[in-house]
Every structure is written in structure tokens, then in C-alpha cells.
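Okay, thanks everyone, I'll keep this short.

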Number of protein chains: 2
Amino acid sequence: MSKATIAVIAAVSAGAGAAATAAMYSMRKPEQTVTSTTTTAVTTRTPSAPVPVLASQVFTPQTTTAPGAPVDPAGLFEYGFPGPVADLATRQGLVSSFDRRTRNPHWVAEHITPASLSIRDGDRKHSSFLEDPAIPDKFQAKLKDYYRSGYDRGHQVPAADCKWSQGAMNDTFYLSNMCPQVGEGFNRDYWAHFEDFCRRLTQRYPSVRIVTGPLYLPKRDPQDSKWYVRYEVIGGAAPNVAVPTHFYKVIYAEEQAAPGGKVALGAFVLPNAVIPNEKPLSDFEVPLEAVERASGLEFANKLPAARRKRLCAETSCSVMVKEYAERQKAFAKK
Amino acid sequence: MSKATIAVIAAVSAGAGAAATAAMYSMRKPEQTVTSTTTTAVTTRTPSAPVPVLASQVFTPQTTTAPGAPVDPAGLFEYGFPGPVADLATRQGLVSSFDRRTRNPHWVAEHITPASLSIRDGDRKHSSFLEDPAIPDKFQAKLKDYYRSGYDRGHQVPAADCKWSQGAMNDTFYLSNMCPQVGEGFNRDYWAHFEDFCRRLTQRYPSVRIVTGPLYLPKRDPQDSKWYVRYEVIGGAAPNVAVPTHFYKVIYAEEQAAPGGKVALGAFVLPNAVIPNEKPLSDFEVPLEAVERASGLEFANKLPAARRKRLCAETSCSVMVKEYAERQKAFAKK
């Protein structure tokens, strides 16, 4: 049995329901995930610098219909390109990609530093939840979809991570940064402690990147032993927004502020459900590949193995509930 | 009540379980789906001509991180772009886009003409089902996922539409052109009759385009009256390939072989389930927007309203079971 397999089985055993279904995705033969070891173009982290994205990672329709063929299937594009369109939004404090089918994001990426968290110019009482006009109307999540649904409008990039400007904080209130989340016991509790854990990482790392998003994971039906994905779809006029079964965070704790240094990687999968505060955060750690298989996304193809560390081996992966609860109280009074 | 709403309600009533869940998606305020009336660059249907795709329809990460911001969320791309990647495959008889999360296609597009269907150089007994090496291994559908799953490897572009060359037919056997389909009563019966209906359209139209793909539609739970999506996930080693609840076809019957003419559009949603042969095909007709809302895709943004007709108003939308059954028998003997 390979070390990778043992690690996965350990994660499954420890993670109970939460990590178990995600980890299944990596029960298959482990494979090389570092597809590129070149570190090319990126030499500066100046915000306005163009971001190098591999041509192979960008979706570009190419047509090479066989010459002499009696048909031209790509002629369809005369009527438009069907998609998927990723609806990439680059806002002040986040970059997001929207899933037009589930009306949730695919992923939302943020960046926090000791300096960014020390600035307190934004206050969430001045922010309002907003439908995202950058998404075509028929694919938008709507405010009325969440109304009386029983679910919180759960920030994927937390508002509290964007206190450095009111504008940046406002940007986190677009519904394209939200998923329906169980409120009490999850969004307002364990998930919030988890977000706080991410912020505390800046006490040790000068730069922390976090990618957050929803998952829709299968569960084995005890009746027929088959695996099924089942999730609710909430909506005002008609079912519109999927309720994820789980959420993931991929955390990149960068040892140096400039690019090129070592990166402590952590991947976590939590169920969209009440989680007791006593549950260790490490129970939800999963191999990065488990999140990749479950989401259909890839998170570190261009990060060479030599630059990777395992976050939970470098630092204690645990939530601090008591301290956080006190801060929440203080926050509510503010 | 608007005409559009009445049409949708009529479709829901007629379509029973099949169209009902799809049609819900268009119960909201109808909107303009023609976003562009320009017909630009497309002046020839020469297969090797470059296909014009609107820049706005192509996924291109753009970064405009605010100057002076203390963070740089798009710096994530240093580690690679998470996706979604559409895995567009352009093969001889089809163009497909693969969904890395469900391991099914998003859509597969084909083109048939009276001439293409008259050539009989390909025979399916010389073709084998193939895992698609163009998809990264961890996102591929595997042959073993289908093995003993109880589901057919259901062609989205039918092999029979690519008889004009053995190579083109072979291309339809990639698993990226397959979804798990109920065999008896569906893939081998009603769905096959439906495919035959599409081919028969070439008796009237000189050029027919068909886009086919899976849907995962919600159903109201009688217990709590909430809407849930529920689908099986089949797999050899672990759950891997989603079993769609429904399938759609969008049919473009072109009145002339050259671009620019009128197009009779038809959109259909069928459940992945046994369908009695007596069921009229017109029961499964839905507004195009219903397929768009359900799939997150768009199918005719660049087709002006003035060029559109409704397929089922132009021709009789019905399957011909008897004739087809005889042909199937002849086919089996071949």
C-alpha cells in the first residue's frame, strides 16, 4: 500500500462524514500533479502586472475540422459559443469564477497579509448584499432565491478579510461570492472559526492565499449501496441556486512575500452542516487531489513539488473557539 | 399572463415529468435572448475556415487589481489557473466540451446533411469504446466506471450519424461523447427513435446541426415540498461518473446549406428513463431558454430573432417507431 493511499485512508477515518466522501476521489492511483516545473514570467507581484496564464489552461475554441469532410460540426459557433463561460470577476479583494449551472461560484480567490488585515477602513454595516450584474440575468443568483430559504448567504471570501477598504468589503457582498450555507452551527460558528484560523496564519506567514468554493459530493445509500449526489435547490420563483453539500478551502501559506518561495499547502473539506466546536480542524484536512477530483478544478499545477510543504505539518491546524466567540461578541456590539 | 408564460405552462402540462422540471427554469420573467444581431465574419462554411467566436464568449482571465491595494488576489495564478477548463475536442464528426466535475460532456455538437448520411463507409463493429486521452487522467471517465454499472455507454453524437467515414465513427466512441444512459426503454428504444427523427429532418432540410448533452434537474420532494437534485454516481474504484437525470437536444434545421438563412429551432428534454414508444415527441419540446437555464449554456445568442422558426411548427415532431424497429433488425443482421 502506497504512502499516499495510507494518507487518504487515514484522512477518511479521521474525517468521518466530512472528508470521507471527498477523499474517495483520491482512492484511485495517485498521479503526478506537478505538470510544469517552469516558473517563467512571474518575477514581480506588482498588482497591475499581467498575470501569466498557460495557454493550455485558458479555454480557446480551436477548429481543425478535417479537410474534405462532408460536415462542419464547428459551424455551430456561427450561432454563438455554448459555453461553459467562467464569468471571471476581478474585484478589489477577490477574483471569482461563477458556475452558471449551480448559480454558485466555482471558486473565489483572496489574498491576505499582516498589513492588509491591520487596516480597518471597512465596516460590514455599510455593505449590502447585491445581485451580480456581471452575470447574465438568466444565470444570476437572486436575493429572493435566498429569502426564507432557511440558508445564510454565506460569504466565500469573508467580509472580515477585506476590512482594508469599504469598497473591497462591499465587493464581497455580491451574490457571486455567496453560497447557501447552514447558518447556526456552521456559517456563524465552525466555518467562522475556520475563517479566523486562516487569518491567524498571517501571524506566521507574510502572505496567505485562500481559494474557497462549494462541492456536491456523493454519499452511499444504505438501501442499495449505490452512490448518489443529492442537494437542495432553493429559489424565489423557481428552484435556482444549488445548496452545496460541502465546502472546500485550499490554503497557500507563503513563506515569503515575494513569489518563488516555499508554500505550505492545506486543503480542507467541511460539510455544509452543523459541526460541533470540539471537532478538530485537522479532521477535515484532505489531500489536495481530493478537492481537485471533486471540483473538477486544479489548484497548484505550476507549483513545483520542491516548493511545497504541508500546512498542517508546519503549523497547528485547529480552530480557537473561545477567543473567537469573544471577538464575535465585541464585533456585534461595535 | 404573458404568451411566454402560457407556452411554458403548456409545455409543463404536456410534458409530464420529462419537460416539467426543465420548464420550471423558464417560469421567471422572459428576457431577450438575442444579445447580438450582427452576423459578422462568417461568410463561408469552408470547414478549415477559422471560426469566429466573440471575445466575450471566450474565457480569458483578466486582472485589473486596484492599484495601491494591499493585496493581489490574482497572484494565485502564479500556481496555475484553477479552471473551469472546457476540454474542447474537435474531432472529425463532432465538437465536444467536457465537464471535469461530472465526467460527462457539457455538450457535443454535430452536423448532418443528406450527403453525409448517404455515405456508408463506417461500421460500428469496427469501433471500440475509448477513454479520452485528451482529458487529464484524474478527470477522465473510465471504461471500468461503466462496467457492471447497469447503464449503457450512451453516445451523445450517435455513431450512426458518422457513417461517412470509419475514422469519424471511431471518434464518436470516446467516452467524452458518452453519458450513462438507461439502456432498455431509453437508449436502445425511445432515444434511438429520437435520433432517427433528427436524421429524417435531412429529408426536408439541407443542413441540420444538433447539440446534445446531459442535465441534472431538481424534483420536488413530496415529503417536505422542497426541490432536490439527486443523481447516481457510478465508478469502478470509486464513484466517478454522474448519471444524468435528463438529456437535451437542441436542433438547428437550416433552410439553406450556406450560412445566413432561416433556422428552424427545436429544444427537447427527455428523462433518462424508460419512455413508452407511444409518447409523442412533442411532449418533450421545451422553450430553448429552459435548456439554457438548466445547463448554464447558451445556444443561439448570435442567431437573430428574424432568422428563427420553431421546428415543431414547421415539421411534425414525432418518432416513427415501427419503421425504426425494422431498420434496427436489419442493422443487427448486417
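So, one cut-off before we start: a residue is called buried when its relative accessible area is under 20%. And keep in mind that this is a predicted model.

With that cut-off, is B:Asn301 buried or exposed? It comes out at 7% relative accessibility, so B:Asn301 is buried. You'll find B:Asn301 in the loop that runs between helix H7 (288–295) and strand S12 (308–310) of chain B. Its side chain has a polar contact with the side chain of B:Glu298, at 3.0 Å.

Now, the sheet in chain B. It's an open one with seven strands, in the order S1-S2-S3-S6-S10-S11-S12, and the pairing is mixed. S1 (88–90) and S12 are the edge strands of chain B; each has a single partner, so one side of each has no neighbour in the sheet. On average, neighbouring strands are turned by 20 degrees against each other, ignoring direction. S11 (residues 263–271) and S12 of chain B run parallel, joined by three bridges, and B:Ala264 has B:Lys309 in S12(B) as its bridge partner.

Helix H7(B) also lies across S6, S10, S11 and S12 of chain B, at about 55 degrees to S11(B).

UniProt, in an unreviewed entry, puts a "binding site" feature at A:Asn187. That residue is in helix H5 (residues 183–187) of chain A, and with a relative accessible area of 15%, A:Asn187 is buried too. Its side chain makes a 2.9 Å polar contact with the side chain of A:Asp152. Residues that A:Asn187 touches include A:Gly154 and A:Gln181.

Methods. Residues are numbered from 1 along each chain as its sequence is written. Chains are lettered from A and ligands numbered from 1 in the order in which they are written. This is a predicted model: local features need pLDDT of at least 70, side-chain atom pairs count only at pLDDT 80 or more; totals for chains, interfaces and linings use all residues. Side-chain values use heavy atoms; hydrogens and water are left out. Helices (H or I, at least four residues) and strands (E, at least two) are DSSP runs, numbered from the N terminus. Buried means under 20% relative accessible area, exposed over 50%, partly exposed in between (1.4 Å probe, protein chains only). A polar contact is a pair of N or O atoms within 3.5 Å; within protein, one must be able to donate a hydrogen and the other to accept it, and residues adjacent in sequence count only if both atoms are side-chain atoms. UniProt positions are given in the numbering used here, feature names are shortened, and annotations may be inferred rather than shown by experiment. Contact means heavy atoms within 4.5 Å. Two strands pair if DSSP finds at least two bridges between them. Axes are lines fitted to C-alpha atoms, for helices over the stretch in contact, and angles run from 0 to 180 degrees between N-to-C directions. Lists of a residue's contacts leave out its neighbours within four places in sequence.
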